[in-house]
Amino acid sequence: MARVELRGLRKRFGGGVVALDHLQLDVASGEFVSLLGPSGCGKTTALRIVAGFETPDEGEVLVDGVDVLGLPASRRNMGMVFQSYSLFPNMTAKANVAYPLRIRRRPRAERESRATDLLGLVGLARQVDRYPHQLSGGQQQRVALARALAHEPAVLLLDEPLSALDAKVRVQLREEVRRIQLELGITTIYVTHDQEEALSISDRVAVLSEGRAEQVGTPSEIYNRPRTPFVASFVGTVNQLDAVVVSAAEGTVSCGDRVMTVDGDLSEHPAGSEVAVYLRPEDVELVSEGAADRDASPGKVRSLTFLGPVTRVGVDCGLGQLVADVASDVALRLGVGDPVAVVVEPGRLRTLANPQGT
Amino acid sequence: MAALTTSRTPGVTDRRRPATRRRLPVWHAFWILAAAAYFIVPIVSLVQFSFGGRVDGHSAGFHWYATVFDDPNFGSSFWLSVQIAIETVVLSIVLLVPTAFWIHLRLPRLRPVMDFVSVLPFVVPPIVLIVGLIPFLQPFTFIYSRPEVLDFIYVVFAMPFLYRSLDAGLRAINLQTLAEASANCGGSTWSTLIRVVVPNLRSAIIGGSFLTVAIAMGEFTISSLLSFNTFPVYIFNIGQSTSNEAAALAVISLLLTWGLMIALYLVGRGGRTTAQIAATR
């Protein structure tokens, strides 16, 4: 097990494209950290620097406190799973997994048994003698995972390993990646642009934008306590509303035709200043217009999008334009143009978390 | 050949199915026969001629073949050509496989340059090449006087074929990722080349080697100018005196060259099976 620290990584590609801009990240021993961000945010570059396939212009990569940037990729003792299929086409699944051990001149019996064990671990005990072209995409990535683990690397690196697979296999395989990671307790860095993937399997998520870590935190912190507008809008769907601070001490803002309590620290915003507030669609409640006993903002249904268990309802109301997630069986009774009333429970409206606190 | 290709184009056959269904087979047969005749007629004539003529009032039969095998120069010139062909293949592979690998992996900007260089032997006629090479090679007496000098010249001639074949083979595999995966597993560049790249380039290497053998076995101009008694030179000299014997010799040479290529193919295929078994272990 190893602790990995990325210290002030900077990388600029030819043509002046900045891939990484002072990236900082600490990964504790045995921790599973995802680098999440849109394409071009530098997440893959960061992983490739850790693996030794790219050299940063500045900064350090420390593994257990030792800078590894001087070492070639072949001597860093890391296991990597690539986005595109990277199995050696001339070797069977077992030979692929045994390859790192063959390079290390381990005895044949050891190679055999370790390769067989690992293929069993990834659920391919019966496919050991298949060639890559005889395996499905998901199976190939399982073999790639087994191969990445064969030489007992200090760190496991995964570069969008599931992005080429279909949705069902993706969900199944990501759970297995997590199960195996927990079983082995191996320090893991996982690159993905899929927020659901990142939130579901990570101990912590680092949201990257333009080469910087915008926020690093547990999946729940990232989702519920975003610190920057980018994180708020990139992770999940969010209604962003313009509000004016009424009382910082009481934590109230006026938003459209309402005055509401905000969850979050307004201490840096004097009364009367503008502040962006956020509201998740699942925190918006729609009630029938007659339910006047609650502090409801009247509005009209603008759009309906069926998403399976929930239906996303676009509403024009006194707070502005919002989307609300409503259980689909409830939404069946709604039509575009119907009058509805919008209720926001106190505390559901959030400001960005203070960058200093958590 | 062009007509063959056109008649096979699916669009053409699909569009006029009812009409072409009756007519096409005739045209197919015609063009296939025409193309086959182009290759087969000369070979049949050659074989016929090798049995032709009269010896002491009798029909020749295998006389010319017997004459060929009785001539000690036949064996020596043939083995010289085989030896040169094998050396050329080995030298070409040793030089070009690592070069093509390195250019694809680390110096992709040099690819257009190599593309250009690799076709130069096509552009420069052999006679021009040799006129330029003779004064260059003459000072190196230790090699100039030995037939091995031909190895180096044939490597140049064969380069377009082997390099192009390797280039296509390298484009077909996901070289960058495979090399990175191998490095990540702890493999050096060398072990990546030997254990990962070469096994995946096997068919490209074998294909290129076939053509290299064909070139080295059949090259006449240069070996004749440098006065080495290679097999093509020997055939030519025999043809000057007894044309029937030369025909018999040409038939034998065809069979031997085919045999050599089949042997090369089997060696290549056998090697692959061994590699796969070894890899499985």
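In strand S4 of chain A, the residue that forms a bridge with A:Leu6 is A:Val61. This bridge belongs to the pairing of strand S1 (residues 4-12) of chain A with strand S4 (residues 58-63) of chain A, which is antiparallel and extends over five bridges. Strands are DSSP runs of E with at least two residues, helices are DSSP runs of H or I with at least four residues, and both are numbered from the N terminus; two strands are said to pair if DSSP finds at least two bridges between them. The model is predicted, and for that reason local features need a pLDDT of at least 70 and side-chain atom pairs count only at pLDDT 80 or more, while totals for chains, interfaces and linings use all residues. Residues are numbered from 1 along each chain as its sequence is written, and chains are lettered from A and ligands numbered from 1 in the order in which they are written.

S4(A) also pairs with strand S5 (residues 66-67) of chain A, in the antiparallel sense and over two bridges, and here A:Leu62 has A:Asp67 in S5(A) as its bridge partner. S4(A) and S5(A) form a hairpin with two residues between them, and in the turn A:Asp64 has a positive phi of about 50 degrees.

The helices of chain A can be followed next. Helix H1 (residues 43-51) of chain A is mostly covered, with nine of its nine residues buried, where a residue is buried if 20 or more other C-beta atoms, placed from the backbone, lie within 10 Å of its own, exposed if 12 or fewer do, and partly exposed in between. Among these buried residues are A:Lys43, A:Leu47, A:Arg48 and A:Ile49. After H1(A) comes A:Gly52, which has a positive phi near 100 degrees.

Helix H2 (residues 93-103) of chain A packs against helix H3 (residues 108-121) of chain A at an angle of about 125 degrees, and their axes are 9 Å apart. Axes are lines fitted to C-alpha atoms, for helices over the stretch in contact, and angles run from 0 to 180 degrees between N-to-C directions. Angles under 35 degrees count as roughly parallel, over 145 as roughly antiparallel, 65 to 115 as roughly perpendicular and the rest as oblique, and H2(A) and H3(A) are therefore oblique to each other. Residues of H2(A) including A:Val97 and A:Leu101 meet residues of H3(A) including A:Arg114 and A:Leu118.

Finally, what does chain B contribute where it touches chain A? Two residues are in contact if their C-beta atoms, placed from the backbone, lie within 7 Å, and 20 residues of chain B are in contact with 25 residues of chain A. Two or more residues each come from helix H10 (175-184), helix H11 (189-200) and helix H15 (243-280) of chain B, and H10(B) gives the largest share, six residues. B:Ala183 is found in helix H10 of chain B. Leaving aside neighbours within four places in sequence, B:Ala183 is in contact with A:Ala73, A:Ser74 and B:Thr192. B:Ala183 is buried, because 22 other C-beta atoms lie within 10 Å.
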